[in-house]
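Dear colleague,

Please read them with the coordinates open.

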Amino acid sequence: MLKKATILLLFLVAHLGAHATHIIGGEMSYDCLGNNNYRITLKVYRDCFNGQVGFDDPAAIGFFDAQGNLVQTIYATAPTITNIPPVVSNPCLAIPPNICVEEGVYVFDVNLPPINGGYTIAYQRCCRNGTILNIDSPGDVGATYSAFIPGPGSFLCNSSPRYTNFPPTALCAGDPLIFDHSATDPD
């Protein structure tokens with residue numbers, strides 16, 4: 001009976017993932033707090049007009065060694081969700097009514113003992129929504145957001161850079177995309 005229940009549960013989870021068409025972007029960063037403690041921040045952006053599901057709760061975030069072995073998984077819960085209003089720089093553009101972007105922010109602390117080669121932190125999520133035109137079969141394409149914490153000897157206590165600006169959510173057809181992709185580093 002337990003085996004049948006487990007198979008049914010796996011089928012239901014797989015079915016939900018097949019309809020999770022909402023991811024439009026994200027980023028991951030970390031702050032070194034000292035004594036091998038780090039504050040991890042994962043920002044995930046979703047299309048809340050065309051998307052079919054909300055943010056993961058919990059979001060499974062893996063910590064991998066230099067050989068790609070999973071060392072630890074953290075299940076981050078209850079993201080802080082904020083609506084991101086569209087910013088339009090061209091006065092001729094009327095914001096389409098179907099533009100809706102939400103940001104889900106997960107923040108948690110973790111202790112990571114120094115290991116040779118450091119840690120890669122990764123979060124993966126399926127799928128992109130069907131309104132994306134520059135990806136073949138966006139419903140079959142997911143996203144991975146990651147950060148790298150160097151091993152001992154690289155830095156005593158270092159934090160990662162983070163993007164300074166949020167990209168535009170709407171553009172006029174034919175307008176060039178001019179965007180500052182710079183990042184700042186708290187160190």
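**Sheet, disulfides and one buried alanine**

In this predicted model, Asn 83 has Glu 102 of strand β6 as its bridge partner. That bridge belongs with the pairing of β5 and β6 (residues 101-111), which is antiparallel and runs over 5 bridges. Both strands sit in an open sheet of 4 strands, ordered β1-β2-β6-β5 and paired in the antiparallel sense, whose edge strands, β1 (23-34) and β5 (80-84), each pair on one side only. On average, and ignoring direction, neighbouring strands of this sheet are turned by 20 degrees against each other.

The structure also holds 2 disulfides. In one, the sulfur atoms of Cys 32 and Cys 157 are 1.8 Å apart, and the disulfide is left-handed because the torsion about its S-S bond is about -110 degrees. Since Cys 32 lies in strand β1 and Cys 157 in the loop between β8 and β9 (162-163), the pair ties together parts that are 125 residues apart in sequence. Cys 32 is buried, at a relative accessible area of 16%, whereas Cys 157 is partly exposed, at 38%.

The other joins Cys 48 and Cys 100, with sulfur atoms 1.8 Å apart, and is left-handed, with -90 degrees about the S-S bond. Cys 48 lies in the loop between β2 (37-47) and β3 (59-64), and Cys 100, 52 residues away, in the loop between β5 and β6.

Finally, Ala 147, in strand β8 (residues 142-149), is buried, with a relative accessible area of 10%. Beyond its neighbours within four places in sequence, Ala 147 is in contact with residues including Met 28, Tyr 30 and Tyr 119; the C-alpha atoms of Ala 147 and Tyr 30, 117 residues apart along the chain, are separated by 7.6 Å.

Best regards

Conventions
Residues are numbered from 1 along each chain as its sequence is written. This is a predicted model: local features need pLDDT of at least 70, side-chain atom pairs count only at pLDDT 80 or more; totals for chains, interfaces and linings use all residues. Side-chain values use heavy atoms; hydrogens and water are left out. Two strands pair if DSSP finds at least two bridges between them. Helices (H or I, at least four residues) and strands (E, at least two) are DSSP runs, numbered from the N terminus. Axes are lines fitted to C-alpha atoms, for helices over the stretch in contact, and angles run from 0 to 180 degrees between N-to-C directions. Buried means under 20% relative accessible area, exposed over 50%, partly exposed in between (1.4 Å probe, protein chains only). Contact means heavy atoms within 4.5 Å. A disulfide is a pair of cysteine sulfur atoms within 2.5 Å.
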